[in-house]
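Please read this note with the model open beside it.

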Amino acid sequence: GIVAIPISITLSQHVQSVFASQDMTMATNLARFDLEQMNNTAYVSIAAASITNYQGYSYDLIRTFSFVNGTAVSAESTKKITTQVTKSGSATVLIKLVTYISKNIRYPY
């Protein structure tokens, strides 16, 4: 009995960490997939979105964007795109990734 209690506690913690690791891996992959899609989307079509059960998985995705340079009607502009993934039904953000996409930026070189 003295040996069984610590072993069962350790085993329980291991199982919990395996499930947490699985959630983090899936959330990271879904967020990276979404940002890759944004990199391959026409600049004017990049929009905010809130998607439940993203790609058929039990994870929700929230994509936001803002202009960090220029505006929607500027010839040159840069969008900051933020993607957050949560487990469906949870408010806890598992992963948050950010990227920047520009159009017609001219450098003074």
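The points below go from the overall fold to single residues.

1. **Basis.** This is a predicted model: local features need pLDDT of at least 70, side-chain atom pairs count only at pLDDT 80 or more, and totals for chains, interfaces and linings use all residues. Residues are numbered from 1 along each chain as its sequence is written, and side-chain values use heavy atoms, with hydrogens and water left out.

2. **The sheet.** In what order do the four strands run in the open sheet? The order is β1-β2-β3-β4, with antiparallel pairing. Strands here are DSSP runs of E, at least two residues long, and helices are runs of H or I, at least four residues long, numbered from the N terminus. Two strands pair if DSSP finds at least two bridges between them. The edge strands are β1 (49-51) and β4 (93-103), and each of them pairs on one side only. From one strand to the next, the twist averages 15°. Axes are lines fitted to C-alpha atoms, for helices over the stretch in contact, and angles run from 0 to 180 degrees between N-to-C directions.

3. **Strand pairing.** Strands of a sheet pair through backbone hydrogen bonds, either parallel or antiparallel. Here β1 and β2 (residues 59-69) pair over three bridges, in the antiparallel sense. Ala-49 faces Arg-63 of β2. Antiparallel pairing of β2 with β3 runs over ten bridges. Asn-69 stands opposite Thr-78 in β3. The pairing of β3 with β4 is antiparallel too, over ten bridges. There, Thr-78 stands opposite Ser-102 of β4.

4. **The β3-β4 hairpin.** Five residues lie between the two strands of this hairpin. Gly-89 takes a positive phi near 85° in it.

5. Contact means heavy atoms within 4.5 Å.

6. **The cores.** A nonpolar core is a set of buried Ala, Val, Leu, Ile, Met, Phe, Trp, Tyr and Cys residues joined through side-chain atoms within 4.5 Å. Buried means under 20% relative accessible area, exposed over 50%, and partly exposed in between (1.4 Å probe, protein chains only). The largest core has eight residues: Ala-27, Leu-30, Ala-31, Tyr-54, Tyr-59, Leu-61, Val-85 and Ile-95. The largest share, three residues, comes from α1. Another core, of six residues, lies apart from it; Met-38, Ile-46, Ile-81 and Ile-101 are among its members.

7. **Strand β3.** Why is β3 described as largely enclosed by the rest of the structure? It is so described because eight of its eleven residues are buried.

8. **Thr-83.** Thr-83 lies in β3. It is buried, with a relative accessible area of 0%. Beyond neighbours within four places in sequence, its contacts include Ala-31, Asp-34 and Leu-35, as well as Leu-61 and Ile-95.

9. **Val-85.** The bridge partner of Val-85 in β4 is Ile-95. Neighbours within four places aside, Val-85 is in contact with residues including Ala-27, Tyr-59, Asp-60 and Thr-92.

10. **Lys-87.** Lys-87 is also found in β3. Is it buried or partly exposed? Lys-87 is partly exposed, at 30% relative accessible area. Outside four places in sequence, it is in contact with Asp-23, Ser-58, Tyr-59, Asp-60, Thr-92 and Leu-94.

11. **Aromatic rings.** Rings of Phe, Tyr and Trp (its six-membered ring) pair if their centres lie within 6.5 Å; planes under 30 degrees apart count as stacked, over 60 as edge-to-face and the rest as tilted. There are two aromatic pairs by this rule. Phe-65 and Phe-67 form an edge-to-face pair, 5.8 Å centre to centre with 80° between the planes. Phe-65 is partly exposed at 31% relative accessibility, and Phe-67 is partly exposed at 30%.

12. **Lys-79 over two rings.** A charge sits over a ring if NZ of Lys or CZ of Arg is within 6 Å of the ring centre and within 35 degrees of the ring normal. Lys-79 lies over the face of Tyr-43, 4.6 Å from the ring centre. Lys-79 also lies over the face of Phe-65, at 4.8 Å.
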